[in-house]
Amino acid sequence: MSEHKTWSGRQSSTWRTKVGLAEMLKGGVIMDVVTSEQAKLAENAGASAVMALERVPADIRADGGVSRMSDPRMIKGIQEIVSIPVMAKCRIGHFMEARILEALGVDFIDESEVLTPADDQYHVDKNLFKVPFVCGCRNLGEALRRIGEGAAMIRTKGEAGTGDVVEAVRHMRTLMDEIRTLTLLPRDQLMTAARDMGAPYDLVEEVARIGRLPVPNFSAGGVATPADAALMMHLGAESVFVGSGIFKSGDPARRAKAIVEAVTHYDDPVKLAEISEDLGEPMVGINCDDLGEKERLAVRGW
Amino acid sequence: MKKTIGVLALQGAFARHMKVLESLGVSSVEVREPDNLAGIDGLVIPGGESTTISKMLVRWNLLEPLKSLIENGMPVFGTCAGLILLADHLVNWDNLPRIGGLNLTVARNAYGRQIDSFEAALEINIPGASVLSESPFTGVFIRAPRIVADGVGKGVEVLCSFEGCPVLVRQGNILGASFHPELTGDNRLHEWFLSNIVTGAGSGKRAG
């Protein structure tokens, strides 16, 4: 994080190069893919990155069982076929999965609640890695704990695999409200605020000063339509992750392209109307209110 | 007269460029469709994913208007993906729809994957621009495109090289960098673009 050093040659994997890649992904769509064919389709639709995983969240829900890091062969197949960044997920706290993914040369690791947690108390110490990490959050305290551990990008969690955007909205609104509130607090209240939200003080102080997260803030979990994507951009997302919403829909290629276009033109309802036209069936989806406490993925994370 | 710079805002780090321009007292507008091009004195093409931005240039009918504006002398500064979109030749990706204008060859992602991304101190030596040579400029290279050393054609001035490859080039009204000056808080390069390429561009040959 240091600013002015004298050095010769390259300084690899600095904080600035990690956050920098997240900056480059802004205004775009990161798509979940499970095969090389899907990855190519995503790239052709204009995805700014792909997330390589074994099953999309909707199938993880349907199939049950333990959900783990993907087969390296499948990840390598995707790395070979696309030129855009390739992300992959590790289980919460599973630093060995993370080290394997780093060895594969993935561009970003998502320490994700969508997989079955490997540790019910601790997350990965992401500062130790050369590869950047993204982590989910439901509120500001959780976001700042993850950034404190070294996450270079935050995504609000939503409820993955449902196609219901309500939790994504709830988490983004909560996060943005808490950021706005911090900016209004006098300095002598910040330590108590940090204690109450369980967040590192220096990051609380930084957010109060700059009025945003210190790293890019994306949205995930439940986006199924171009309008959903545009909604999340309006609420404060700087990019959108789309999981099951594309490949569980009737016409993945068209829907993928439409969601990419909707993120660029999120503030132009006339264009959004044109973009949303004739996309075929959206994913069927699950109403989040019908989920039992045990079926909720967003509560995973400590 | 106060200048307005367009920043291509289809995808990528456009907001960071706008912040830099704002801090230099220049107004900027987001460019997402041809209507946004009216009245701009120059353009910045940010980093991001070149395949994504390329598709959107075609989809929203910006490719031809931009080509013609730049051919007619509109000042433009492309960083990273922006450099790719301004390159006349691409290794392996020559069919990527793009603007062109820089007579050189670029290899996408040729500095490696993200774990190979790096920062390096760059020595920029431009005659008459002492503020740039006073101290090194921090180059942030993220999955960066490489300008092929022997692929630099006629008319292209190399303003800075690193490890034997050009990383900052100029051809008339076009400035291209394979790194990200917008991520460093060092505004010297944007300032130089504004005062040497944008200023005077309307009045004929002064840009040289």
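**Close-up views of a predicted two-chain model**

View 1. B:Ala120 belongs to strand 7 (residues 118-122) of chain B; helices (H or I, at least four residues) and strands (E, at least two) are DSSP runs, numbered from the N terminus. The model is predicted: local features need pLDDT of at least 70 and side-chain atom pairs count only at pLDDT 80 or more, whereas totals for chains, interfaces and linings use all residues. Residues are numbered from 1 along each chain as its sequence is written, chains are lettered from A and ligands numbered from 1 in the order in which they are written, and side-chain values use heavy atoms, with hydrogens and water left out. With a relative accessibility of 0%, B:Ala120 counts as buried (under 20% relative accessible area; exposed is over 50% and partly exposed in between, with a 1.4 Å probe and protein chains only). A distance of 20 Å separates the C-alpha atoms of B:Ala120 and B:Ser130, which are ten residues apart along the chain.

View 2. Strand 6 (residues 102-107) of chain B contains B:Thr105, which is buried at 18% relative accessibility. Leaving aside residues up to four places away in sequence, B:Thr105 touches B:His89, B:Val91, B:Arg146, B:Ile147, B:Val148 and B:Gly151; contact means heavy atoms within 4.5 Å.

**View 3. The buried side of helix 5 of chain A.** In helix 5 (residues 95-104) of chain A, the buried residues are A:Glu97, A:Ala98, A:Leu101, A:Glu102 and A:Leu104. They cover an arc of only 155° around the axis, so they lie on the same side of helix 5 of chain A; the arc is that of the directions from the helix axis to the C-beta atoms. An α-helix has 3.6 residues a turn, so residues three or four places apart point the same way. Among the elements covering these buried residues are helix 4 (72-81), strand 4 (86-91), strand 5 (108-112) and strand 6 (133-137) of chain A. Just after helix 5 of chain A, A:Gly105 has a positive phi of about 80°.

**View 4. Helix 7 of chain A, end to end.** The 19 residues of helix 7 (residues 166-184) of chain A should span 27 Å at 1.5 Å a residue, and the end C-alpha atoms are 27 Å apart, which agrees; the expected span is 1.5 Å times one less than the number of residues. Buried residues of helix 7 of chain A include A:His171, A:Met172, A:Leu175 and A:Met176.

View 5. A:Cys137 is in no disulfide, the nearest cysteine sulfur being that of A:Cys135, 9.6 Å away. A:Cys137 is buried, at 0% relative accessible area. The sulfur of A:Cys288 is 16 Å from the closest cysteine sulfur, in A:Cys137, and this is too far for a bond. A:Cys288 is also buried, at 0% relative accessibility.

**View 6. Aromatic rings.** Rings of Phe, Tyr and Trp (its six-membered ring) pair if their centres lie within 6.5 Å; planes under 30 degrees apart count as stacked, over 60 as edge-to-face and the rest as tilted. The count is ten aromatic pairs over all chains. The rings of A:Phe218 and A:Phe241 have centres 6.2 Å apart and planes at 50°, so this pair is tilted. The pair links distant parts of the chain, with A:Phe218 in strand 8 (residues 217-219) and A:Phe241 in strand 9 (residues 240-242) of chain A, 23 residues apart.

Key: A disulfide is a pair of cysteine sulfur atoms within 2.5 Å.
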